[in-house]
Amino acid sequence: MQPSQNRASRTFMDYNSINHALDGICGLYERKIRDINPVGPITYDISDLYNFIDGLADISALVYDHSLQAFLPYDRQWIKQKLFQHLKKLSQR
């Protein structure tokens with residue numbers, strides 16, 4: 001991900017699964033909420049999370065495909081779709 005237009009802000013994160021990566025993205029947003037309001041509750045909905053993702057200069061995911069033995073790139077729309085599915089599944093538990 002790259003939070004700002006400054007290329008030096010580019011950060012790479014490594015996760016063991018797509019679900020862990022999605023949790024990591026939620027965690028980044030929750031830290032941002034905590035930075036803005038350190039004593040308030042952390043509450044947000046999917047549109048807030050989408051706005052956070054859309055506000056980043058760049059975000060993408062490289063997902064390893066075992067059958068191809070290669071990493072496949074996915075864009076912010078794919079990430080948002082996966083986040084929606086992931087959070088929906090978590091809410092049904």
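How many helices and strands are there in the chain? The chain holds 3 helices and 2 strands, where helices (H or I, at least four residues) and strands (E, at least two) are DSSP runs numbered from the N terminus.

**Figure 1. Overview of the predicted chain, which follows the pattern α-α-β-β-α along the sequence.** This is a predicted model, in which local features need pLDDT of at least 70 and side-chain atom pairs count only at pLDDT 80 or more, while totals for chains, interfaces and linings use all residues. Residues are numbered from 1 along each chain as its sequence is written, and side-chain values use heavy atoms, with hydrogens and water left out. Taken along the principal axes, the C-alpha atoms fill a box of roughly 45 × 40 × 20 Å. Of the 93 residues in the chain, 26% are buried, meaning under 20% relative accessible area with a 1.4 Å probe and protein chains only.

**Figure 2. Helix H1 and the elements that cover its buried residues.** The 19 residues of H1 should span 27 Å at 1.5 Å a residue, and its end C-alpha atoms, 28 Å apart, agree with this; the expected span is 1.5 Å times one less than the number of residues. The buried residues of H1 are Leu-22, Gly-24, Ile-25, Cys-26, Gly-27, Leu-28, Tyr-29 and Ile-33. Their cover includes helix H2 (46-55) and H3.

**Figure 3. The hairpin formed by E1 and E2.** Strand E1 (residues 61-65) and strand E2 (residues 70-74) pair in the antiparallel sense over 5 bridges, pairing being assigned if DSSP finds at least two bridges between two strands. Val-63 stands opposite Leu-72 in E2. Between the strands lie 4 residues, and Gln-69 in the turn has a positive phi of about 55°.

**Figure 4. The largest pocket and its lining.** About 760 Å³ of space lies in the largest pocket, a pocket being an open set of points on a 1 Å grid over the protein atoms alone, where a 1.4 Å probe fits, with protein on both sides within 12 Å along at least five of seven lines. Of its 26 lining residues, Met-13, Tyr-15, Ser-60, Ala-61 and Leu-62 are the closest to its centre; lining residues have an atom within 4 Å of a point. Helix H1 (18-36), E1 and helix H3 (76-91) are the elements that give two or more residues to this lining, and H1 gives the most, with 6 residues.

Methods:
Points joined across faces, edges and corners; volume = space filled by probe spheres on them. Buried < 20%, exposed > 50% of the residue type's maximum accessible area, 1.4 Å probe, protein only. Contact = heavy atoms within 4.5 Å.
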